[in-house]
Amino acid sequence: MTTLDAHAHHDEGSYFSGPPGMLSKVWQWMSTVDHKKIGVMYLFAILFMFFLGGVAALAVRYELMDPVRTVQTLDMETGEMITTTTGERLGGLKDIMGAKSANEVYNRMFTLHGAVMVFMFIVPSIPASLGNFFLPIMLGAKDVAFPRLNLLSWYIYVTGCVFGVLSILMGGVDTGWTFYTPYSTTTDADHWRVVLMILAAFILGFSSILTGMNFVVSVHKLRAPGMGWFDMPLFLWAIYATSIIQVLATPVIGITLLLLVFERTMHIGIFDPAMGGDPVLYQHFFWFYSHPVVYVMILPAMGIISELLAIHSRKHIFGYRAIAFSSLGIAAVSFLVWGHHIFTAMGELAAILFSGLTFLVAIPTAIKVFNWIATLYKGSIVLNTPMLYALAFLFTFSIGGLTGLPLATLATDLHLHDTYYVVAHFHYVMMGGTVIAFMGGIHHWWPKMFGKMYNEKAAILGCIIVFIGFNLTFFTQFFLGTQGMPRRYANYVDEFQTLHIISTYGSWLLLLGFLIHLGTFIASLVAGEKAPPNPWGGLTLEWETESPPIEHNFHHEPVLTHGPYDFETTVPPHWDPKDYPLPENPSRH
Amino acid sequence: MNIPTLASTNASFLQRIIFGDNAASEAAAWSDGLFMMIFWFSAFFFVLLMGLMVYFCIKYRRKPGVAAEPSPHHNLHIEILWTVVPSASLLVMFVLGFKGYAMKTVSPTDAMELKVDAWKWAWKVTYPNGASSPETKFLSYQETDIGISSGLEYPIFYVPEDTEVKLRMHSQDVIHSFWIPEFRTKMDVIPNRYTGYGFKTPALRDSDTVIQVDDQGISSEIPGRDMWIFCAEYCGDEHSRMAATLRIVPREIYDEKIKFWGTPKDPKVLGQQLWKTMCAICHSIDGSPGTGPTWAPMNGYGFGNMAQMDDGTEMMRDDNYIRQSILDPNAHIVSGYAPAMPSFQGQLSDTDIEGLLAFIKSLAESDSDEQEDNQQADDSAGSDG
C-alpha cells in the first residue's frame, strides 16, 4: 500500500524549498496557491494575533490587581490634605491612547483583547492554519478545490487584520467585541476607528466564508480513491461541519455589521432607539452569527483531539460515527440557541424556549467526551506533548462544558449572566478547549509541517506550565462571578481583590508557558533534528508523504486501503519498530 | 467593610465558598440550591471521567515490546446509556430552571412598585409617592497607616423589610443591567421598553444593623441590611462605578424617610443632594477632571464664566445655559468633551432644576470656608458602613 517511494523520488524538493534569492522567495510565498504555504502563512499571522490579543489580556489582568481608591493623606509640612488616586495601573497609557481616563484605557484593552482574539485569532485559528495545511493532504489531494480562492481569502484576512491594527494604532475602541448598540453607535462619535474596527470584522467574515466554501467542496470532490465518507479522519469531519457553519452564519454578521456602519456614519436608525431603532434587535442579529461561530471555534479543536487521542494511544477511536454525527448535530443545533446570550433582555416565552434548546446542544458534546475517554481504554498510551495537551483538553473542556449547565438553566443564569462566571466559562471552552487543542495540534503536526523535531522535554514543561497557569487564571474567576463581580469592570469592591491577584499571577504563568513554547519552536526551526516521515505511527494520509511534504503532497495519487484508526490491523507507513511495537495480528496487511 | 450576610438558608460549607452566605430571598436561596444540585451532578461526572482518564493513562501506558490489545470500536448499549442519562438529567435542570425563573421574575400584583431609571452612569429609584433617595455612601472605605482611603460615593435606596417589591426599569441612553447579587437576579435596562423583576425583601434579624448619617453629618446605628446593586451590562467609561446600595430597613424608618424626601426643602440642599446621587459621577465640584466639565468656579469653569464650545462659539454659563444643558445636553458641547450626556427631560422636575441651579450658583458664591465645610460633611458621610 505504499504510495511513496522516497528513495526513487528524492529529487522532488519539499514545499518550501523555493528558488534561490531572497526577493524571489518572498514573491514565491506571496503569490503561492499552494495550500501548505498559505496554511503556514496563516499559522504565523494567527500566532502573531494571539500574541497581540495576549498582550491586551495581560494589560487587563494587570489593571485588575487592585481596586481604585482615593487616598487622602496629610502633608506634614503644609498641613494640607493631599488627595491621590491609587490602583489605576493603566493610567500611564492615557496620553498614548488619547483616552479620557484610566477606565477608558481599560475598556479599550478588553475590547482589543476580545476583538483580536475572536475575529483575528480564534475563528480562523485551526481551520485556516492546520486545516489549510492538512485537509487536502488528509484527503489525498494535491490542493484544495479552489487554490486561487484560497489565496484570495488569505489576502482578505490580511486586509481585515490591517484594518483592525490601524484602528488599534489610532487609539483602539471601547465598544466591547460584541459592539452592543446603542453604545457602539454613539461612542467616540467623531472617530473613524470604531468604523474601522467594525469593517475589520466585516472583511474578516469574507475570508471565513471563502475558506469554508473551499473546504466543503474539497471534502465533497477531492477524497482519494477508496475514501468513503466514513473513512475520513474525524479532523476532516470536524472541519467539514465547521465550514458549513461558516458559510451559513457569517453572511448574517456581515449584514449586521454593515447596518451598524450605516447607523454610525449616515445616522439611519436601525438599532438606536433615539433614531427609532431597536437595540435588542442588534443582539439577536449578532448572536445569530456569534453563537454558531462558537462552534466554528470549538469543532475543529474537537477534531484535533479525536486524532491525537487515537494516534498517541494507538487505538481505534471509540464510536467513530457517533463523533462524526455529533459534529453535524452540533452544527445544526448551534443555529437554534443564540437567544441564551440574551436571557436578561428578552420575553419570558423566548427565554424558556432558548433555555430548552440550549440543553440540546450539550448532549452531542457530552457524547464526544465519553467517546474520547473510552478510546483510551486498553490503549498503548504515550505521554508526549500532543497527548498531554489532548488530556489537558479533556480536563479543561469538561470543566468548560459542565459550567455551562448553570448558564443554560434560566434561574441560575439570571445571577451568573454578565459576571466573571461567564468569563471563566467561555475561557475554559475557548482557551481551555480551542487554544489547548490548537497547541496540541501544532506540536502533533510540527514535524510534518517543518520537517524538524522539537525538544520534547522543553515542550512538556511548557505544556504543564500553560495548564497550571490557565487553571490558576480562570478557575478563580468562577468564584468571582458567583460572589458578585460583574464583567468588564475596571474597578471593583475590595472583597474581590485576593481572587483577582491570584488570577493575574496565573496570567503571568501562562505567558511563561507560551514563551517556553516559542523558544522550543525557534530552536526546532534553527537546529532541530530532522523529522522522520511518520514520527507517531499515524495512519492518516499525511503520514505517508515526506516530512515536510513535497510540493504536490504525494508522488502518486494515494489509494486508501485502510481506515484512519485501524491501528490493530495495519502497519503504519514508514514504520520503525524502535518507535513502537505492533500487535501480533496475522490479519495485518 | 463587610458585605452583610443573612444565615436564613442552611447553606453548605461549599455553597458558602461559592456564593457567600448571603442569599436574601427564598428565590435566591432556591436558585443557589439548584446551582449546588447541578454542581454535584457535574462534579460526579467530572471526577468519574477524569478518574477513568488518569487510570487508563497509568494502566495502559506504553510499554516497550507490548502492543495495545484489540478492543471494541463501539458499543451500542453503552452509547445509548450515555446519551439517555445526560438527556434525562438535562431535562430535570431545564424544568427546575424554568421554575426558579418564574420565582425570580413574577411578583404578586399588590407588590410595591419602584421605578428604576438608568443613565450613564447612575441609578435612580423613584418611590410610589414620587420621592427619591438623596442619601449616599462610599463604595469602599479604609483607614490605613498612610491615610484615609475611599472609593466613590453611591446612592442608597431604601426598601422596607419583608415586603414584595417589583421593579419597573427604563434606561435614558444605552443598555444597562440592574443586578442585586444577593437576590441572585438581574435584568437588562433598555432604552425603548420597560423591563423588570420582583423580589421579596428579607425580614431583618437583630444583628442586622447599618450606620446612617443624617443631614448634619451625625451618624447613628439603625436596624438595616445593605446590599450592592451593580450595573452588569457594559455601558462605557464609568461602567464599573455604576453601583448603588439597596438598604433594607424596618417599615417605620422607610415610611418616615420617603415622607421626608417627599416634602419640599431648601433648593440649595435639594440641588446638592441631586448632584451627589445623579451628577457627581461626571461633574466634579472641586475642579477635578471628569467625563463632563467641572462645576467648580475655576479655570474658566463654573457659573457665570464663559464656556468655549466645540463649534468655536462662546456661551455664557447662565441660568438658561444650564437649563438647556440639563434638558437638551447635546445642543451645545463644551470644547474638549464628548456628547456623552443623556437628556434629563422628564427625569428632573422644575423644582429639581431650580435646586440644581441654586446649588451651582452657590458654588460660585461660596468662599473657601464654606467649601471646607462641604468637604468635612463629605468626609463624615464616608464613615458610614
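The model is predicted, so local features need pLDDT of at least 70 and side-chain atom pairs pLDDT 80 or more, while totals for chains, interfaces and linings use all residues. Residues are numbered from 1 along each chain as its sequence is written, and chains are lettered from A in the order in which they are written.

**View 1. Helix 16 meets helix 17 in chain A.** Helices here are DSSP runs of H or I with at least four residues, numbered from the N terminus. Helix 16 (residues 420–450) and helix 17 (residues 456–483) of chain A pack at about 165 degrees, with axes 7 Å apart; axes are lines fitted to C-alpha atoms over the stretch in contact, and angles between N-to-C directions run from 0 to 180 degrees. That makes the two helices of chain A roughly antiparallel (an angle over 145 degrees). Look for A:Tyr420 and A:His443 of helix 16 and A:Phe470 and A:Thr482 of helix 17, which are among the residues making the contact (C-beta atoms, placed from the backbone, within 7 Å).

**View 2. Helix 6 of chain A and its buried residues.** The 23 residues of helix 6 (residues 147–169) of chain A should span 33 Å at 1.5 Å a residue, and this agrees with the 33 Å between its end C-alpha atoms (the expected span is 1.5 Å times one less than the number of residues). Among its buried residues are A:Trp154, A:Tyr157 and A:Phe163 (20 or more other C-beta atoms within 10 Å of a residue's own, all placed from the backbone). The buried residues of helix 6 pack against helices 2, 4, 5 and 8 of chain A. After helix 6 comes A:Gly171, with a positive phi near 125 degrees.

**View 3. A look at chain B.** Chain B has 8 helices and 16 strands (strands are DSSP runs of E with at least two residues). Of its 385 residues, 41% count as buried.

Note on methods: Angles under 35 degrees count as roughly parallel, over 145 as roughly antiparallel, 65 to 115 as roughly perpendicular and the rest as oblique. Two residues are in contact if their C-beta atoms, placed from the backbone, lie within 7 Å. A residue is buried if 20 or more other C-beta atoms lie within 10 Å of its own, exposed if 12 or fewer, and partly exposed in between; C-beta atoms are placed from the backbone.
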